[in-house]
Amino acid sequence: MSSAPGPYGSGRERDRDEEGRARNQRPRDGLGRPLPYGTDGVPRQPEGVVRAPEESVSEAQALLDAGRPFHAHEVFEDAWKSGPEAERGLWKGLAQLAVGLTHSARGNTTGGARLLLRGAAAVSDWSARTGQERPYGIGVAELVTWAEALAGRLEREGAAVDAASHAPRLRGGTP
């Protein structure tokens with residue numbers, strides 16, 4: 001990781017990756033929020049990892065169960081970017097659901113509800129278009145029901161939720 005001067009007022013140089021792209025290397029909390037440099041954060045989810053679809057679902061579920069939906073989003077984003085074109089709508093919708101839960105846990109209940117509904121619509125539309133109701137074991141109908149119920153709660157109550165206790169069961173069942 002190299003650095004280049006930036007207009008950040010602290011004398012701190014801007015983090016960059018090996019190709020020179022801006023990449024913030026500040027530590028992050030479990031919900032992906034940046035922490036001050038030098039603070040202990042949670043391990044970052046590596047980006048650009050190509051996994052088998054079943055592995056993506058399992059890894060994302062473990063992250064969701066641990067209350068780390070931001071990191072689960074990264075897993076889904078990798079699947080979306082590396083998987084077959086025909087599946088991108090599924091993975092993109094799942095990423096939106098994870099980001100919706102992230103915002104909901106951070107206290108952005110309006111944005112969280114919108115992303116949950118957008119992700120639910122994307123996953124549902126993909127399922128209807130392809131005729132796949134349980135891709136890789138993912139219970140699409142149950143996932144849509146979960147997202148709609150959580151979005152409704154956020155809209156009614158306007159309060160942040162605990163990410164781990166509100167995590168969906170991607171393959172159905174109870175947590």
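Biologist: Why does Leu101 count as buried?

Modeller: In this predicted model, Leu101 has a relative accessibility of 0%, and the word buried is used for values under 20%, so Leu101 counts as buried. The residue lies in helix H3, which covers residues 88–106.

Biologist: Which residues does Leu101 touch, not counting residues up to four places away in sequence?

Modeller: With heavy atoms within 4.5 Å taken as contact, Leu101 touches Leu64, Pro69, Leu116, Trp146, Leu150, Val161, Ala163, His166, Ala167 and Pro168. One of these, Ala163, is 62 residues from Leu101 in sequence, while the C-alpha atoms of Leu101 and Ala163 are 6.5 Å apart in space.

Biologist: What makes H3 roughly antiparallel to H4?

Modeller: H3 and H4 pack at an angle of about 160 degrees, with their axes 7 Å apart. An angle over 145 degrees counts as roughly antiparallel, and therefore H3 is described as roughly antiparallel to H4. H3 passes H4 in a left-handed crossing.

Biologist: Which residues of H3 and H4 make the contact, and how do they divide into nonpolar, polar and charged?

Modeller: The H3 side of the contact includes Leu90, Leu94, Leu97, Gly100 and Leu101, and the H4 side includes Gly112, Leu116, Gly119, Ala120 and Val123. The residues of the contact of H3 with H4 divide into twelve nonpolar, ten polar and one charged. Glycine counts as polar in this division, and the glycines in the contact include Gly89, Gly93 and Gly100 of H3 and Gly111, Gly112 and Gly119 of H4.

Biologist: What makes H4 roughly antiparallel to H5?

Modeller: Helix H4, residues 109–130, and helix H5, residues 140–157, pack at an angle of about 160 degrees, and their axes are 9 Å apart. That angle is set against the limit of over 145 degrees for roughly antiparallel, so H4 is called roughly antiparallel to H5. Here H4 passes H5 in a left-handed crossing. Among the residues that meet are Ala113, Leu116, Leu117 and Ala120 in H4, and Val144, Ala147, Leu150 and Leu154 in H5. The residues of the contact of H4 with H5 divide into twelve nonpolar, four polar and two charged.

Biologist: Why is Tyr136 called partly exposed?

Modeller: Tyr136 has a relative accessible area of 25%; buried requires under 20% and exposed over 50%, with partly exposed in between, so Tyr136 is partly exposed. Its place is the loop between H4 and H5, and Tyr136 has a positive phi of about 55 degrees although it is not a glycine.

Biologist: Why is Arg51 called buried?

Modeller: The relative accessible area of Arg51 is 10%, which is under the 20% limit, and Arg51 is therefore buried. The residue is found in the loop between E2 and H1.

Biologist: What polar contact joins the side chains of Arg51 and Asp78, and what polar contact does the side chain of Arg51 make with the side chain of Glu59?

Modeller: The pair Arg51 and Asp78 is joined at 3.3 Å, and the pair Arg51 and Glu59 at 3.0 Å; a polar contact requires N or O atoms within 3.5 Å, so each distance meets that limit. Other residues that Arg51 touches include Gln45, Pro46, Ser56 and Val75.

Biologist: How do you know that Asp29 is buried?

Modeller: Asp29 has a relative accessible area of 16%, and since buried means under 20%, the residue counts as buried. Asp29 is placed in the loop between strand E2 (13–16) and helix H1 (53–65). A polar contact of 2.6 Å joins its side chain to that of Arg33, and Asp29 touches Leu35, Val42 and His71, not counting residues up to four places away in sequence.

Biologist: Does Ala66 count as buried or exposed, and what makes it so?

Modeller: Ala66 has 51% relative accessibility, and the limit for exposed is over 50%, so Ala66 counts as exposed. Its place is in the loop between H1 and helix H2 (69–82). The C-alpha atoms of Ala66 and Gly30 are separated by 8.7 Å, although these residues are 36 apart along the chain.

Notes: Residues are numbered from 1 along each chain as its sequence is written. This is a predicted model: local features need pLDDT of at least 70, side-chain atom pairs count only at pLDDT 80 or more; totals for chains, interfaces and linings use all residues. Side-chain values use heavy atoms; hydrogens and water are left out. Axes are lines fitted to C-alpha atoms, for helices over the stretch in contact, and angles run from 0 to 180 degrees between N-to-C directions. Helices (H or I, at least four residues) and strands (E, at least two) are DSSP runs, numbered from the N terminus. Angles under 35 degrees count as roughly parallel, over 145 as roughly antiparallel, 65 to 115 as roughly perpendicular and the rest as oblique. A crossing is left-handed if the near helix is turned anticlockwise from the far one by less than a right angle, and right-handed if clockwise. Buried means under 20% relative accessible area, exposed over 50%, partly exposed in between (1.4 Å probe, protein chains only). A polar contact is a pair of N or O atoms within 3.5 Å; within protein, one must be able to donate a hydrogen and the other to accept it, and residues adjacent in sequence count only if both atoms are side-chain atoms.
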